[in-house]
Amino acid sequence: MQVGPQAKKVTNTIRYGVTLALITGIALVAVLTADDVEIDYAKIAVKLGVAVLIAALAIANRKRAQISTALWLTLVVLAVGNIGVALF
């Protein structure tokens, strides 16, 4: 996702980044569960759902030469929202 007047597109970095975030998030929850740490499963479910949605949108639009500004903004808002869920 590039900012500016150039054509916005889904890059490999976006796809690999969201995939890595999904894998590490699941691994961290597994480690915390193994250590008997209390986990807020509602927060984890929301974060997982948002990450899967971002991944689905990125993968579905990976071959397009250009994506719409609305889709680009949706991806940005979802990513920032997922960070917000993690912080609060």
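Student: How many residues does helix α1 have, and how far does it reach?
Tutor: This is a predicted model. In it, α1 covers residues 12-34, which is 23 residues. From first C-alpha to last it reaches 33 Å, close to the 33 Å expected at 1.5 Å a residue.
Student: What follows α1?
Tutor: D36 does. The phi of D36 is positive, near 60 degrees.
Student: Which residues in α1 are buried?
Tutor: I14, R15, V18 and L22.
Student: And what covers the buried residues of α1?
Tutor: The cover includes α2, residues 41-60.
Student: OK, packing. What does one quote for a helix pair?
Tutor: Two packed helices are described by the angle between their axes and the distance between the axes.
Student: So at what angle do α1 and α2 pack, and how far apart are their axes?
Tutor: The angle is about 160 degrees, and the axes are 9 Å apart. Angles over 145 degrees count as roughly antiparallel, so α1 and α2 are roughly antiparallel to each other.
Student: Left-handed or right-handed crossing?
Tutor: α1 passes α2 in a left-handed crossing.
Student: Which residues make that contact?
Tutor: From α1, I14, R15, V18, L22, V29 and T33. From α2, the list includes Y41, I44, L48, A51 and V52. Also on the α2 side are I54, A55, A58 and I59.
Student: How does the contact of α1 with α2 split by class?
Tutor: There are 13 nonpolar residues, one polar and one charged.
Student: Is W72 buried or exposed?
Tutor: The cut-off for buried is under 20% relative accessible area. W72 has 11%, so W72 is buried.
Student: How far apart are W72 and L57?
Tutor: In sequence, 15 residues. In space, W72 and L57 are 9.8 Å apart, C-alpha to C-alpha. L57 is one of the α2 residues in the contact with α3.

Methods. Residues are numbered from 1 along each chain as its sequence is written. This is a predicted model: local features need pLDDT of at least 70, side-chain atom pairs count only at pLDDT 80 or more; totals for chains, interfaces and linings use all residues. Side-chain values use heavy atoms; hydrogens and water are left out. Helices (H or I, at least four residues) and strands (E, at least two) are DSSP runs, numbered from the N terminus. The expected span of a helix is 1.5 Å times one less than its number of residues. Buried means under 20% relative accessible area, exposed over 50%, partly exposed in between (1.4 Å probe, protein chains only). Contact means heavy atoms within 4.5 Å. Axes are lines fitted to C-alpha atoms, for helices over the stretch in contact, and angles run from 0 to 180 degrees between N-to-C directions. Angles under 35 degrees count as roughly parallel, over 145 as roughly antiparallel, 65 to 115 as roughly perpendicular and the rest as oblique. A crossing is left-handed if the near helix is turned anticlockwise from the far one by less than a right angle, and right-handed if clockwise. Ala, Val, Leu, Ile, Met, Phe, Trp, Tyr, Cys and Pro count as nonpolar, Asp, Glu, Lys and Arg as charged, and the others, Gly among them, as polar.
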